[in-house]
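Please open the structure in your viewer and keep the sequence panel beside it.

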Amino acid sequence: MEFFLDTKEKVWKVGDLTIPVIEDVPMKDLVWFRNATKEIHKKQDSGELTQTEALEFDDIWWDKTCELGLGKSKEEIIDSGISERQFRNLMGEVFHF
């Protein structure tokens, strides 16, 4: 598996971008992820979640992850030349960092 975080240089290497690591994300912003994920799981568990809503949630989640974790827009990351698989791996890596 490819990793994007370079811990020695403290940067994310994403396609043709080198992005400095943001180490201090405000807790208020992190709480958004927890609350939004709980809400979407409630809808899923109750059978009320549509495929459209799930895809919309993915877009919002990716937007927030790019903005808070990388300081870039989702479009800037996509424009870096990474593949869909790489983008999904990057989102997981940034979120768990």
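**First stop: the hairpin**

Select β2 and β3, which form a hairpin with 2 residues between them, and look in the turn for Gly15, which has a positive phi of about 55°. Before going on, please note that this is a predicted model, in which local features need pLDDT of at least 70 and side-chain atom pairs count only at pLDDT 80 or more, while totals for chains, interfaces and linings use all residues. Residues are numbered from 1 along each chain as its sequence is written, and side-chain values use heavy atoms, with hydrogens and water left out.

The helices and strands named on this tour are DSSP runs, numbered from the N terminus, where a helix (H or I) has at least four residues and a strand (E) at least two. Strand β2 covers residues 11-14 and pairs with β3 in the antiparallel sense over 4 bridges; two strands are said to pair if DSSP finds at least two bridges between them. To follow this pairing residue by residue, select Val14, whose bridge partner in β3 is Leu17, and then Val11, whose bridge partner in β3 is Pro20.

Show the side chains of Asp6, Glu9 and Lys13, which are linked in a network of salt bridges, a salt bridge being a side-chain nitrogen of Lys or Arg within 4 Å of a carboxyl oxygen of Asp or Glu. Lys13 forms one with Asp6, with the closest N and O atoms 3.3 Å apart, and another with Glu9, where the closest N and O atoms are also 3.3 Å apart.

Which of these residues are buried and which are partly exposed? Asp6 counts as buried at 17% relative accessibility, whereas Lys13 is partly exposed at 37% and Glu9 is partly exposed at 48%; buried means under 20% relative accessible area, exposed over 50%, and partly exposed in between (1.4 Å probe, protein chains only).

If you draw a distance from its C-alpha atom to that of Gln44, 36 residues apart along the chain, the two are separated by 40 Å.

Zoom out, and the chain shows 4 helices and 3 strands, following the pattern β-β-β-α-α-α-α along the sequence. The C-alpha atoms fill a box of roughly 45 × 30 × 25 Å, taken along the principal axes, and of the 97 residues of the chain, 29% count as buried.

Select Met27 in helix α1 (residues 27-46), where Met27 is exposed with a relative accessible area of 58%.

Next, select Asp59 and Lys74, which form a salt bridge with the closest N and O atoms 3.4 Å apart. This pair links distant parts of the chain, with Asp59 in helix α2 (residues 51-70) and Lys74 in helix α3, 15 residues apart.

**Last stop: another residue of helix α3**

Finally, select Glu75, which also has its place in helix α3 (residues 74-78). At 47% relative accessibility, Glu75 counts as partly exposed.
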